[in-house]
Amino acid sequence: MVPLFFLLVGFISADPLEFRSNFEFLEYSTNIDEPKYRLLDIVQPINQYVDLDVYLSQSRFNGLVQIDVNVRQNLTQIVVHQNVVAIQGVNVINSNNRPVPLDVSNPFEVDSYYEILKINFAGVIPIGRYNITIRYLGQINENPVDRGFYKGYYYYGNQKRVSANRIRETFLPTPIVSVYLVAFHVSDFIATNSSATSTKPFQIISRQGPVDQHDYAADIGMRITNSLDEYFGIEYYFMGQGQPMKNDHIALPDFPSGAMENWGMVNYREAYLLYDENNTNLINKIFIATIMAHELAHKWFGNLVTCFWWSNLWLNESYASFFEYFGAHYADPSLELDDQFVVDYVHSALSWDAGASATPMNWSSVATNPSVSSHFSTTSYAKGASVLRMLEHFVGFTTFRNALRIYLNEHAYGIGYPEDMYAAFRRAVSQDASFARDFPNIDIGRVFDSWVQNPGAPVVNVNVNMSNGEITVSQIVNDVLFFIRAGTISIRRAFDVLSFLRNETDYYVWAAALGQLDWIRSRLEHLPTAYEEFNAYLMDLMETVIQHLGYNERPTDSVSTILNRMQIMNYACNMGHAGCIADSLQKWRAFRQNASNLVPVNARRYVYCTAMRQNGASDYNFLFQRYNASENTADMVVMLRTLACTRDNASLEQ
């Protein structure tokens with residue numbers, strides 16, 4: 001959608017001396033802030049009515065928007081955001097339905113750089129309620145990467161599907177909602193509702209081909225919704241302010257983002273929503289659960305309460321990232337997501353924070369479109385979620401949950417500031433007698449804020465009293481390798497520590513180690529002798545875990561065992577481990593001889609890659625044909641990645 005809208009996220013900071021009898025005369029003439037991307041909240045929208053007259057074949061539309069606003073100070077100009085082809089006309093009426101005169105010589109101005117429309121009045125307009133009507137021309141983008149209002153397409157069989165007719169659709173009023181969450185979708189997609197009830201509608205929607213891949217998302221998504229309802233004490237289906245709430249999840253074949261939390265209608269890439277047990281591996285199955293949990297958590301953090309400005313994006317994204325793992329964990333503990341959180345998010349946060357470009361969770365430099373986009377980063381997602389997990393350990397599960405309930409209830413349908421979050425935690429811990437007993441005189445708000453305001457993570461150096469040996473410090477292998485990179489311990493000492501990996505078989509330990517060992521390995525690629533020696537060293541470390549896991553999946557394997565086999569065999573085959581290569585080629589030959597002998601779904605990435613690397617153009621063409629015939633996008637992504645493992649130059653260029 002290419003909306004024309006208000007973005008009311010600024011605030012006015014007032015000096016105490018201004019609060020005198022003449023304060024009402026210390027006014028702005030406009031609601032634009034600095035930088036001009038932002039607007040002051042002295043003009044607040046109440047209702048917006050949008051009418052789009054769409055001409056799909058011409059990739060254009062005519063737009064009309066009517067906005068009811070409350071003006072809270074005398075003004076000579078009102079500014080709204082816009083990103084349209086052209087403004088055709090603007091008119092304003094007051095609460096008595098009388099026209100408000102605009103500046104005859106310059107009634108309105110468009111600033112394309114800041115994406116704003118300035119409405120200039122003939123004189124001062126007083127405090128009150130006004131209705132603004134704007135007529136404009138819009139463009140329908142033909143490339144989904146351009147986002148906004150775009151048209152996509154898909155094929156059903158050999159037929160390209162286009163919505164052919166013009167049909168008028170009228171939508172019910174939304175709840176109070178931030179405008180970035182508004183979206184609409186027009187298609188002949190198919191909806192299923194296998195997990196819905198009469199009071200809790202829940203739909204999975206996709207193109208016609210993969211409708212049989214809806215069931216897993218329907219089941220886990222409904223369970224996550226129920227788990228979060230219970231956790232937050234605010235039911236999703238009651239958020240509609242008198243209107244029924246949809247809970248639709250749409251798989252799009254051409255979506256530029258991973259997913260987007262539009263209220264009532266979440267959009268996903270197909271690979272992140274559709275599940276086929278014969279073709280979707282465990283990693284992608286987990287993606288479906290965690291991404292659904294992330295987007296559903298946004299219904300509370302982001303939709304119900306929105307961060308006041310993108311500098312504090314963590315108020316939206318850190319919580320969504322936290323419940324991405326723990327919301328899904330509450331719904332299905334067998335996925336081991338409480339443990340995976342450490343190797344996936346905590347370790348990635350530490351890695352990001354170790355870099356020179358690390359930024360604080362509250363990044364005050366966020367002001368322009370590029371800086372807003374750049375703050376959608378590991379800091380706002382993984383680090384923020386890791387800080388929240390640490391805080392939950394500090395205050396306890398119940399107190400942590402109670403703090404979130406306080407914050408959500410007190411700021412529902414509004415905006416939230418970091419200080420609001422700190423206040424909620426202060427109130428929650430004040431109700432917890434055990435916290436006051438164990439941590440007297442601790443200001444939880446200051447503790448929280450110290451992590452929000454500062455980049456990086458502190459390193460604690462412990463000095464041991466050698467006379468009595470009283471202190472012992474244990475240290476997860478991930479840290480050892482960071483200390484190598486920082487030059488704070490010797491390489492010899494670090495690899496002495498890592499020698500225990502020869503007898504280690506645990507997934508979580510290996511996941512941490514491989515991430516850092518691969519950093520070293522990648523820096524030796526231009527030194528062939530050293531590279532081969534390091535690969536041999538790694539294979540020596542991995543031999544025990546390779547033999548422990550074996551090459552074939554067992555019905556009794558846990559989630560972490562399957563994930564471990566996937567990561568270990570992927571490394572082993574890539575480094576040339578003879579047993580891994582032989583087993584992969586055996587599985588590939590059986591598949592080529594009889595296509596019903598499918599390669600086990602969780603082995604495909606390394607089996608396919610090994611086959612492409614060891615064989616020629618005919619094997620490449622065979623896999624490429626499978627790619628083109630597939631109806632499961634997650635499996636298509638695996639094939640697309642592994643096709644590039646070929647050593648046949650003509651195939652690689654193709």
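Which residue in β6 is the bridge partner of Leu75? This tour of a predicted model begins with that pair.

**Stop one: β3 and β6**

Select strand β3, residues 75-81, together with strand β6, residues 116-125. The two strands run antiparallel and are joined by 6 bridges. Show Leu75 and then Ile125 in β6, which is its bridge partner. Of the 7 residues in β3, 6 are buried, so the strand is largely enclosed by the rest of the structure.

A hairpin is formed by β5 and β6, with 4 residues between them.

**Stop three: Glu115**

Centre the view on Glu115, in the loop between β5 and β6. Its phi is positive, at about 55 degrees. Is Glu115 buried or partly exposed? Its relative accessibility is 28%, and Glu115 therefore counts as partly exposed. Leaving aside residues up to four places away in sequence, display what Glu115 touches: Val80, His81, Gln82, Asn83 and Asn369. Then select Lys36, which lies 79 residues from Glu115 in sequence, while the C-alpha atoms of the two are 9.0 Å apart in space.

Proceed to the open sheet of 5 strands, whose order is β10-β11-β12-β14-β13 and whose pairing is mixed. At its edges are β10 (190-192) and β13 (259-260), each of which pairs on one side only. Within this sheet, highlight β11 (residues 203-206) and β12 (residues 248-252), which run parallel and are joined by 3 bridges. Ile204 has His249 in β12 as its bridge partner.

**Stop five: helices α3 and α7**

Finally, select helix α3 (residues 314-331) and helix α7 (residues 397-410). They pack at an angle of about 130 degrees, and their axes are 14 Å apart. This angle makes α3 oblique to α7. Their crossing is left-handed.

Which residues of α3 meet α7? Show the side chains of Leu315, Tyr319, Phe322, Phe323 and Tyr330 in α3, which meet Phe397, Phe400, Leu404 and Tyr407 in α7. The residues of this contact comprise 9 nonpolar, no polar and no charged.

Conventions. Residues are numbered from 1 along each chain as its sequence is written. This is a predicted model: local features need pLDDT of at least 70, side-chain atom pairs count only at pLDDT 80 or more; totals for chains, interfaces and linings use all residues. Side-chain values use heavy atoms; hydrogens and water are left out. Axes are lines fitted to C-alpha atoms, for helices over the stretch in contact, and angles run from 0 to 180 degrees between N-to-C directions. Angles under 35 degrees count as roughly parallel, over 145 as roughly antiparallel, 65 to 115 as roughly perpendicular and the rest as oblique. A crossing is left-handed if the near helix is turned anticlockwise from the far one by less than a right angle, and right-handed if clockwise. Contact means heavy atoms within 4.5 Å. Ala, Val, Leu, Ile, Met, Phe, Trp, Tyr, Cys and Pro count as nonpolar, Asp, Glu, Lys and Arg as charged, and the others, Gly among them, as polar. Two strands pair if DSSP finds at least two bridges between them. Buried means under 20% relative accessible area, exposed over 50%, partly exposed in between (1.4 Å probe, protein chains only).
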